[in-house]
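Subject: A structure for you to look at

Hello,

Here is the structure I promised to hand over, with some notes on what turned up in it. Please have a look at it first and then read on.

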Amino acid sequence: MVPTRDDVLVGFPHAAGDATDPAVSRGFRQVVFAADDVDARLEEIFFGLEKCITTTPEFEIGDVVQWRRRIGARDLVLRLDRLDDGQYALVHDIVLAGDEPSLEPLLTGQVSLEGFDLTLDLDRQTALDPSSRGWGTLHISATPITAGRTERLFDFTGATNAQGSPWRRVTHWDLGPDGGALALEAPEDGSNFGASYARWGAAGGRLDNETHYPGTVYVQSDCWGDAGVEVFRGFGVAATDAGPWDFGVAGLEDACAFGPLADAPRAIPGLDHVPAPGGWDAP
């Protein structure tokens, strides 16, 4: 019922240091950066929820249950309020010892056995931990696709990081033993916008990307094999969507474990010019 780290984190499989290792592919590094950025922001919060639910409830009155776990001079407080149709309203906050959750708590939303829909207050998170350096809100949701497969949405729309730039909308598809997929969508900012889609499994992975700048459209596909080592890279540049395109490749696309936009559960806005299967070998 209460979401844990296993229910929320992307958990992209990689070794420590891969994000900066020049031996791994560019696409692999991009997925590492995106996944780790989400996970680093959420891991401690959902670990806190796990700590709360392993304690005896502080009180249980009617449809309301509250847990409290003291850590040093602060309390982790979790409250569930039973709603209709198997839904529960969730409130989680970190407060001074003995205090109740603030009027603008850290995490709020609804949870059920099927999934959850939560909002993380990044201003509150930064006030509690200045090193997190985020402002606005992060919307987090999880919805089952089929048995053993889940879609997780991390929507940073309207949020900013320490540099003041907008974060991306990140969608993670947990495909169980078949690996996973990740969509990164950058909101349009004047003439600049872009999107990426990554698919990975035991045999390796692939990232397809398209980015628009003033006067330039850039498209690339990057594939990796064991340990993230690049096995293929294709890239194209044009002045407009209509072309003409200048293409370049390193390796053969046949080496890729997945085709372009493989198994994408939905259309990814902004990925309009990635070549069709085999298209990089004969652009």
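Asp75 and Arg70 join their side chains in a salt bridge, at 2.8 Å from N to O. The term stands for a side-chain nitrogen of Lys or Arg within 4 Å of a carboxyl oxygen of Asp or Glu. Asp75 is buried, with a relative accessibility of 0%. Here "buried" means under 20% relative accessible area, "exposed" means over 50%, and "partly exposed" is what lies in between, using a 1.4 Å probe and protein chains only.

Before going further, a word on the source: this is a predicted model, in which local features need pLDDT of at least 70 and side-chain atom pairs count only at pLDDT 80 or more, while totals for chains, interfaces and linings use all residues. Residues are numbered from 1 along each chain as its sequence is written, and side-chain values use heavy atoms, leaving out hydrogens and water.

Back to the charges. Asp75 and Arg70 belong to a network of salt bridges that also links Glu58, Arg68, Arg79 and Glu100. Within it, the side chains of Arg68 and Glu100 meet at 2.9 Å, N to O. Helices (H or I, at least four residues) and strands (E, at least two) are DSSP runs, numbered from the N terminus. Arg68 is buried at 16% relative accessibility, whereas Glu100 is partly exposed at 42%.

How many salt bridges does the structure hold? The count is 18. Another of them is formed by the side chains of Arg5 and Glu43, at 3.9 Å from N to O. Because Arg5 lies in helix 1 (residues 5–8) and Glu43 in helix 2 (residues 26–53), the pair connects parts 38 residues apart in sequence. Both residues are partly exposed, Arg5 with a relative accessible area of 25% and Glu43 with 37%.

Next, the strands. Strand 7 (residues 137–146) and strand 8 (residues 149–155) run antiparallel and are joined by 7 bridges; two strands count as paired if DSSP finds at least two bridges between them. They form a hairpin with 2 residues between them, and Gly148 in the turn has a positive phi of about 80°. Across this pairing, Pro144 stands opposite Thr150 in strand 8. Strand 8 also pairs with strand 9 (residues 169–174), again antiparallel, over 6 bridges. There, Leu153 faces Thr171 in strand 9.

Finally, the aromatic rings. The whole structure has 6 aromatic pairs. Rings of Phe, Tyr and Trp (its six-membered ring) pair if their centres lie within 6.5 Å; planes under 30 degrees apart are stacked, over 60 edge-to-face, and the rest tilted. The Phe28 and Trp224 rings are edge-to-face because their planes stand at 80°, with the centres 5.4 Å apart. Phe28 is in helix 2 and Trp224 in strand 13 (residues 216–224), so this pair ties together parts that are 196 residues apart in sequence. Phe28 is buried at 5% relative accessible area, and Trp224 is buried at 3%. Trp245 and Phe247, by contrast, are stacked, 6.0 Å centre to centre with 25° between the planes. Phe247 is partly exposed, at 37%. Ring pairs also link Phe12, Phe28, Trp200 and Trp224 into a cluster.

Best wishes
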